[in-house]
Amino acid sequence: MDEAHNNRTSLAKGAKDIAKEAKRHASKNLSKAVDRASDEYSTHRSYNRFQNEDEDEDNYNSYAQQDGRYADNAANDEDGASSDATEGHDDEDEIYEGEYQGVPAHNDGKQRDGQVALGQPVSDSLKSQKELENERQADEEELAQQYELIMQECGHGRFQWQLFFVLGLALMSDGVEVFVVGFVLPSAETDMCVPNSGAGWLGSIVYLGMMFGAFFWGGLSDKLGRKQCLLISMSVNGFFAFLSSFVQGYSMFLLCRMVSGFGIGGAVPIVFSYFAEVLAREKRGEHLSWLCMFWMIGGIYASAMAWAIIPHYGWSFSMGSAYQFHSWRVFVVVCALPCVSAVVALTFMPESPRFFLEMGKHDEAWMVLKQIHDTNMRARGEPERVFTVNRIKIPKQLDELVELQRIKLRNHHMYVRYQTYKPDAVAVSRFYGLSVWFPDVIKHLQADEYASRVKIHNSERIEDFTFNFTLENQIHRNGVFLNDRFISMKFKAVTFIDSSFLNCYFEDVSSVGSFFKNCTFVDSFFYNTGDKLTNSRVINSSFHHNKTGCQMTFDDDYSAYWVYFVNFLGTLAVLPGNIVSALLMDKIGRLSMLGGSMVLSGISCFFLWFGTSESMMIFMLCLYNGLSISAWNSLDVVTTELYPTDRRGTGFGFCNAMCKLAAVLGNLIFGSLVGITKAIPILLASSVLVGGGLVGLRLPDTRANVLM
């Protein structure tokens, strides 16, 4: 009996030594470079080193507990030291590779306060704040590396392409929203009789809503999830965009478009964060760049719909004189369709598994990752392939006080990162200002060319004549119209100054941009005619069934088609830049692409100085858009990789909000310089772009980053 007791004692000591050795190995830092881990994965197709850490710790705890049992039960064990792990084992209980084992089990042993049981890990309550933060940081780094290997096992296939097109519809909606503003602005302001003092507010108010929306929805997506916030933000955009097409007052229209912009503001920061979290590192730069093409598709869609719908004034109806639904309102409804499609399609997609893991939701993340793996394997014709992941490392969940301290430290790190890349963010924001200035310059050149063809009539006298045709681009000064009839005709950009109308008859007359200034009407009759009288006298004249509101017409208006065609060309010009950036993003690096694109854009911007004709400006617009799009794509990729998962939406939203702020300032500053000088916008934009590009070339690249 004594010999058996000694044998058991020796066995217990040996188990204790083995447990200590296992604990020593488990406590080592297993974080290595992702490239080495990726090579290991591709060679051995295994990332068990992440699982073995948990298993070693569990084995250690098991040995420690068995050590006590050996001492207590030594006298009762007659059949030798059998292991508890094999006692009562059944073949049916065997866990196969790929079978889900749930959240890694934590130690259930209880210790007295202030004491640590022999062989047990130190309780969190006895650790310092710094130790807890270091453990959390180590867990996050380990999770980032393991997650990278998991995404490699899941592969890139059908699931990513499905999500690609769904998120592409959301990004397309953002592009449509930007172009809708410029296309409906002239028509909406004319239809709603907006005075010159209120003109231009529509463009600024929409960008203002997008600015606040980017920051709000981006930050909220770090708390509620990518899918949930994107669904809500897109629904807000779709509802108020649709509603704006029916409101009649300009103030209500502005409010609806602002809330619509607030909703779509969340699209860019959430879409890129969402998609990046289901991509392996070697695929991230390329496929995020391909995703950017949907913004271009949105611009092309808006241009094509504007060309097909807005000039057709006949596509309208009215309910009395109070409610008018013109063709531009039909265009607004059609432009809401991509947003509605995105909302419907998004309901069938899962939440980001990386977000689930960051929130400590291991089970939900495992289910989504298995869905990604199985979807891709079925598409490859390999449905028998087993998802071999059964445990995923999750970061240690800290208590509220420690978490607040960690957030403060993380926010400080985010601020430092933003300051590091701030020159490029600020420089790229100049793109918006210049992009707003380009169309205004082209419109100014068109207006100058149109004004140069104006016909001026001085001191004319016309008697007993019937006007039943369109008068366009004319100025009549000191004229006398006696016994004349204006029937079923149109005034387009016609101004009468200091003229007299004696015994004249006006019936069914429409006018666009036409006014009677300081004129006199004597014994005249108006029927179904708009009132555009400014500082004029009306003597013994009558008005019947006057037209309310402002009259619109696009008949024989080829300039509207030309504006939409120019925007179509400018948007299509970014296609080569999109292709180049997608193919080279992972080869030459994000910052090299960003800096090179900005330098070339700045140089092309400088040559605008020599653009004196409309055709030259259109060519320079296309060249500028083609060169600058690579910088936009690079900035989207860099911003995604720069911030950790729990702050990615917030960081991206803040950067995107700064770009929208630049658009508002561009509307105010660059727009006020149109027609005055080209020097300030050109020199300011070109110098900032070139300077920011040179700084970007010297910044550290992010293509080797894993998603922390």
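What percentage of the 708 residues in the protein chain is made up of buried residues? Buried residues account for 49% of them, where buried means under 20% relative accessible area, exposed means over 50%, and partly exposed lies in between (1.4 Å probe, protein chains only).

This is a predicted model, in which local features need pLDDT of at least 70 and side-chain atom pairs count only at pLDDT 80 or more, while totals for chains, interfaces and linings use all residues. Residues are numbered from 1 along each chain as its sequence is written, and side-chain values use heavy atoms, with hydrogens and water left out.

**Figure 1. The whole protein chain.** The chain has 21 helices and 16 strands; helices (H or I, at least four residues) and strands (E, at least two) are DSSP runs, numbered from the N terminus. A contact means heavy atoms within 4.5 Å. Of the contacts with a separation of 6 or more, 69% are between residues 24 or more positions apart. The accessible surface comes to about 32600 Å², and 58% of this belongs to carbon and sulfur atoms. Accessible areas come from the Shrake-Rupley method with a 1.4 Å probe, and for residues only the protein chains shown count as cover.

Figure 2. Two strands pair if DSSP finds at least two bridges between them. Strand E8 (residues 485-497) and strand E10 (residues 505-512) run parallel and are joined by seven bridges.

Figure 3. A salt bridge is a side-chain nitrogen of Lys or Arg within 4 Å of a carboxyl oxygen of Asp or Glu, and the structure holds 14 of them. Lys-370 and Asp-374 form one, with their closest N and O atoms 2.7 Å apart. The two are separated by about one helical turn because they lie four residues apart in helix H14 (residues 362-379). Lys-370 is partly exposed at 29% relative accessibility, whereas Asp-374 is buried at 18%.

**Figure 4. A salt bridge between two strands.** The side chains of Glu-472 and Lys-492 meet in a salt bridge (3.7 Å, N to O). Glu-472 is in strand E6 (residues 470-477) and Lys-492 is in strand E8, so the pair ties together parts that are 20 residues apart in sequence. Glu-472 counts as partly exposed, at 33% relative accessibility.

Figure 5. Glu-641 and Arg-590 form a salt bridge, their closest N and O atoms being 2.7 Å apart. Glu-641 is in helix H19 (residues 614-642) and Arg-590 in helix H18 (residues 590-606), so this pair links distant parts of the chain, 51 residues apart. Both residues are buried. Through shared partners, salt bridges join Glu-148, Arg-284, Asp-586, Arg-590 and Glu-641 into one network.

**Figure 6. Two nonpolar cores.** A nonpolar core is a set of buried Ala, Val, Leu, Ile, Met, Phe, Trp, Tyr and Cys residues joined through side-chain atoms within 4.5 Å. The largest has 87 residues, of which Leu-167, Met-234, Phe-275, Leu-291 and Phe-331 touch the most other members. Helix H5 (residues 158-191) gives the most to this core, with 16 residues. Leaving aside residues up to four places away in sequence, Leu-291 touches residues including Phe-164, Leu-167 and Phe-275. A second, separate core of 16 residues includes Phe-481, Phe-486, Phe-506 and Phe-516.
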